[in-house]
Amino acid sequence: MPPRYLPLSLLVAILLFASACKQSPQQISISGHIEGLKDSILFIAIPKEDSYHTFDSYETYDFNNDDYKYVPVKNGSFSWTQAYNGPQHLVLKISSHTVTLFTGKTDIEILGRADSLANLRISGSVAQQEFEALRSIMMEIWKKELYLGGALSKVRDTNLLKAIEPQYDSVMALKKLKTEQFIASHPGSIVSVGIIKELAYDGDPAYLDSLNKLLTPEIVATPAGQRLEEKLAVLRRGAVGQVFRDFEQIDLKGDTVRLADYKGRYLLVFYWVSYTKEENLEVLRLYKCYRKKGFDVLGVFIGEDRARWKDMVTWYGLPWKQVSDLEWIHGRLAREYGIRSMPNNFLLDPKGVIIGRDMSMKALETKLCEVVH
């Protein structure tokens, strides 16, 4: 029988397939040289779903909450390689300086000097260039937000508050506009995913969904995009119009408290920690004003120290029931609705429907004036 020969095109296809099967997953590297940096360890953090890092780097980054890698530095040089699994938002810690870093399919090089870590030159990543462009647009806005927000939290003079509040509102409106414009013009960027993730730390679910809808299906399908979607799914449970899920928890006295026990009354579910003095006192004032009109409060302490919790309730003189699972933000009471910042709150109507969330004390008082008669 004469030998059989494969067509050339089929043979080439088989060889290419075999070659592809033997190839290792694509690798990307982050390497660099920082002149004057003594031999040490550089940290590369891979943020978890429930971690938070501000792009403006005004806050100290908590590396204890993330997966992080130790990268040795020798004579100022370092190198780290990993398999590519979609674009990522990483955080580098060099000495005491943190660097927001966005990766793609290409290698990244970081160059600079140890005495000028704020001026590192990062090349090789298109996403990083997009982030640098965003930062140049937003830096002044971030600074004004930080300054005015700090002033509002400290000022007690009514006239001064009236002067600062319009300025703060104007800055926040500009920030919102610039954010929306960036995401709309970069719908397939990991930076856009990072922006929404940052806002999802403590944001309105409806607004976050409107931003998420701007993203391309391709970026949503990446691991980072899927983690964001999981985060938003949790936040949607606490959107205005949703029924707050019933739960039961032991209070300070050892009694079982059920959310269903409050049906028929307007209820503020108030998440707090030991240092939220001003807010506790404001809630106490509103409680005294409206409790005879069908308003109640349920305190949810976010912490791990029972003795501290009990002392603070006594110190502030809080008369409403208090519950806690004493697991900080990792417990069910916080994770159920993605609570990460304190104080926080949900205002429920007599049927248990959310009619307000994460309200300022001023907004809460306005809402109570509107609905409690």
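Trainee: Which unit do β11, helix α8 and β12 make?
Mentor: A right-handed β-α-β unit. Helix α8 covers residues 277–290. Keep in mind that this is a predicted model.

Trainee: How do β11 and β12 pair, and over how many bridges?
Mentor: They pair in the parallel sense, over seven bridges. Strand β12 spans residues 295–301.

Trainee: What stands opposite Leu-267 in β12?
Mentor: Asp-296 does.

Trainee: And β14, which way does that strand run relative to β11?
Mentor: Antiparallel. Five bridges join β11 to β14, which is residues 344–348. Phe-270 has Asn-345 as its bridge partner there.

Trainee: Which side chains point which way from β11?
Mentor: Tyr-266, Leu-268, Phe-270 and Trp-272 point one way. Leu-267, Val-269 and Tyr-271 point the other way. Both sets are buried.

Trainee: New topic, the surface. Which residues form a nonpolar patch there?
Mentor: Ile-41, Tyr-68 and Tyr-70. Together they have about 300 Å² of accessible area.

Trainee: Where is Tyr-68 found?
Mentor: In strand β3, residues 67–73.

Trainee: Why does Tyr-68 count as partly exposed?
Mentor: Because its relative accessibility is 32%. Buried would need under 20%, and exposed over 50%.

Methods:
Residues numbered from 1 in each chain as written. Predicted model: local features only at pLDDT ≥ 70, side-chain atom pairs only at ≥ 80, totals over all residues. Heavy atoms only, no water. Patch = residues over 30% accessible without salt bridge, like charges linked within 9 Å, V, L, I, M, F, W, Y side chains within 5 Å. Areas by Shrake-Rupley, 256 points an atom, 1.4 Å probe, with all protein chains shown as cover. Salt bridge = Lys/Arg side-chain N within 4 Å of Asp/Glu carboxyl O. Helix = DSSP H or I, 4+ residues; strand = E, 2+ residues; numbered from the N terminus. Buried < 20%, exposed > 50% of the residue type's maximum accessible area, 1.4 Å probe, protein only. Pairing = 2+ DSSP bridges. Right-handed = clockwise from strand over helix to strand, strands pointing away.
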